[in-house]
Amino acid sequence: MLRLVGQRLLLLIPLLLGLSVLLFAWVRALPGGPVTAMLGERYTPEAAAAIEAEMGLDQPLIVQYGKYLLRLLQGDFGTSLRSGRPVLEEFINRFPATIELTVVALIFAIGIGIPLGYLAARRAGTVVDHTAVVVSLIGVTVPVFFLAFILKYFFAVELGWFPTSGRMSPTMEATHPTNFYVLDGILTAEWDAAWDALVHLILPGVALGTIPLAIIARMTRAAVSEVQNADYVRTARAKGIKPARLRTEHILRNAMLPVLTTIGLQVGLLLSGAVLTETVFAFSGIGSFLAEAVFNADYPVLQGFVLLIAVTYALVNLLVDVSYGLIDPRLRRQQ
């Protein structure tokens, strides 16, 4: 298992190097540019030339990339052109909000997706199965931003059951030692603050988790349908193994491997989907900050945030691979 972890961590080096090249080329291909965004109506060729010289943008691209890579190796992701703060500091301040949102969306997707897919497979061909298929199909096809607007309009604006925006009510006073608002409320025993933060996560979490829910349900249905008709399951059933043990040890356990892969892939989609969801709900995570960076052509933020998100995504998939060995002893022995 340690060998697998070491190999995957070594593979991160060429992956991140290639990604840094693509990101560097991509942000410089964006229309406008940071100098235009910074000067706005004050734009003059002289002022633009002065800022480009100050930022080093007048140098050849290969020189700019070399300096950028050298700073990266020293742990310096640059400074935001808009806020003037280090990119890594901005990321650390905002990442807890996106992690909280992603965790709520994952809990929603896994908590409903796996039971729904399992039930559909067990009741194949019935009304339950057809309903689950239709629900998952709708979940996949509805765009995240559209669903977010619909949820916000009905449940926040019309019914008033949930807050319309933000991470916490403006009138709520709370301390934030970790910047994970729900966790902070629990650690400091400020239960009202914890509940307030949790309520602010529900609508954006549901909007963000709907597509993963549909995909997980479809994958679970397919995996369970295949496993429950396998020869070894029929043999186990013929031996008189109790239904509860048959479902948990022989069907669900073996069907979970492809589902785990799907869940790992969904984490990357959740992080990228957070850009739209956080913008709709004015949620101050990395998604909304990344959207602002695109509009302002904030090169360092775009490059740094996408690179850090890629590292997070790679580490999550590494955890998924490690979990394979924990679920299936055969894979553990092979590794």
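Visitor: What should I know about the model before we start?
Guide: It is predicted: local features need pLDDT of at least 70, side-chain atom pairs count only at pLDDT 80 or more, and totals for chains, interfaces and linings use all residues. Residues are numbered from 1 along each chain as its sequence is written, and side-chain values use heavy atoms, with hydrogens and water left out.

Visitor: How much space lies in the largest pocket?
Guide: About 370 Å³. A pocket is an open set of points on a 1 Å grid over the protein atoms alone, where a 1.4 Å probe fits, with protein on both sides within 12 Å along at least five of seven lines. The volume is the space filled by probe spheres set on the points.

Visitor: Which residues are closest to its centre?
Guide: R28, M55, L57, R71 and P300, out of 17 lining residues. Lining means an atom within 4 Å of a point. Helix α4 gives the largest share, four residues. Helices are DSSP runs (H or I, at least four residues).

Visitor: And the second largest pocket, what volume?
Guide: About 290 Å³. Its lining takes at least two residues from each of α1, α4 and α13. The largest share, five residues, is from α1. L12, L69 and L307 are among the lining residues.

Visitor: How many charged residues line that one?
Guide: None; the lining has 11 nonpolar residues and one polar. The largest pocket has eight nonpolar, six polar and three charged. Asp, Glu, Lys and Arg count as charged.

Visitor: Now cavities. How many of 30 Å³ or more?
Guide: One. In a cavity, the probe fits but cannot get out. Its lining is R82, F289, E292, A293, N296, D298 and V301. Three of these residues come from α12 (residues 286-295).

Visitor: New topic. Which residues touch the most others in the largest nonpolar core?
Guide: F91, V259 and F305, in a core of 56 residues. Helix α5 (residues 87-122) supplies the largest share, 11 residues. At least three core residues come from each of domain 1 (1-74) and domain 2 (94-300). A core joins buried residues (under 20% relative accessible area) through side-chain atoms within 4.5 Å.

Visitor: How far apart are the domain centres?
Guide: The C-alpha centres of domain 1 and domain 2 lie 33 Å apart.

Visitor: Where does UniProt put transmembrane regions?
Guide: The unreviewed entry lists 101-121, 133-155, 197-217, 255-284 and 304-327. Such annotations may be inferred rather than shown by experiment. In the model, 197-217 is 100% helix, with end C-alpha atoms 28 Å apart. Residues 255-284 are 87% helix, with ends 37 Å apart.

Conventions:
Domains from an automatic or database assignment. Buried < 20%, exposed > 50% of the residue type's maximum accessible area, 1.4 Å probe, protein only.
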